[in-house]
Amino acid sequence: MGSVRIATWNVNSVKQRVPRLLPWLDERRPDVVCLQETKLTDDAFADLLGDELADRAYTVAVHGEATWNGVAILSRVGLDDVVLGLAGAPGFPHPEARAVSARCGGIRVVSVYVPNGRVPDSEHYQYKLAWLASLRELVAAAPEATVVCGDMNIAPTDDDVFDPDAYIGQTHVTPPERAALAELQALGLCDVVRDRWPNERVFTYWDYRAGMFHQDLGMRIDLVLAGATLAGRVRAAWVDRQARKGSGPSDHAPVIVDLDEAPDGDIGPVVPPPSAPAARRGSAKKLPQSR
DNA sequence: ATGCCTGAAGGGTTCAGA
């Protein structure tokens, strides 16, 4: 197996994102792509993208539903042992399409869309925590060669939001959520983007409203969490901000990680991404307010 | 003061997102 490029992207409706997704695949040429918020049934996904993805040599594992949620894995380095959903995970009230995993090029890849939580201490927030506990159980079986990719809906630390004060009392930053994420990482998973950019301002999500992207007022909630044998192979790890620009973007940017070939080979030099994120903090700014 | 954008379903408006 040669080097492998793994990407994850919450596309916020694959149907709306086709004009951005296909050119992005052609430009970035990822080997494995984890998608979230596809918002399509599996049949609709196949009708919409089956031919386009086959033309690009991708095999696909989809786990979707109408209207909301939906995850997928695209791979051109093999795709087997597909598992739909998360065994034992709670529903709200019924199981939702928030996880799919497959073995791609010898790597156990998990694409996840963690529940939002809505409001701390709500039923949905409890659902989020319980769902994360189930995810931990799944990963615990074999964390070393596993990579969990997706929209975690948790900012790991205060450095992962543009202004911690703006998030007081909000989901995504509460101690129980961060503890659940830390427990997942305690299985041996590395947050490879933060490890690569320990002191940089790095976000993956910016609200559509109020010019938040233009001002770089965002959050880092889309993560690539790699098991030890994979984390040691990371050559590059970066957020593809270009995909958040222009017309008709998702509100999330893709995260791209390149792994060196051969687990027993030498680790190559760390190559910077095309554009390193700027090291600066935004001024105080309120969040767009909920109704 | 404000759901400030966007997407989806469904129906002329509402919910969800983070």
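Strand β7, helix α3 (residues 123-140) and strand β8 make up a right-handed β-α-β unit; right-handed here means that, with the strands pointing away from the viewer, the path from the first strand over the helix to the second runs clockwise. Helices (H or I, at least four residues) and strands (E, at least two) are DSSP runs, numbered from the N terminus. The model is a predicted one, with local features needing pLDDT of at least 70 and side-chain atom pairs counted only at pLDDT 80 or more, while totals for chains, interfaces and linings use all residues. Residues are numbered from 1 along each chain as its sequence is written, and chains are lettered from A and ligands numbered from 1 in the order in which they are written.

Now for the neighbours of β8. On the parallel side, β7 (residues 107-113) pairs with β8 over six bridges, where pairing takes at least two DSSP bridges between two strands. S111 has C149 as its bridge partner, and V112 sits opposite G150. With β10 (residues 222-226), β8 pairs in the antiparallel sense over five bridges, and there V148 faces L225.

Zooming out, the open sheet has six strands in the order β5-β6-β7-β8-β10-β9, with mixed pairing. Its edges are β5 (80-84) and β9 (190-191), each of which pairs on one side only. As for β8 itself (residues 146-151), six of its six residues are buried, that is, 20 or more other C-beta atoms lie within 10 Å of the residue's own, with C-beta atoms placed from the backbone.

Definitions and conventions:
A residue is buried if 20 or more other C-beta atoms lie within 10 Å of its own, exposed if 12 or fewer, and partly exposed in between; C-beta atoms are placed from the backbone.
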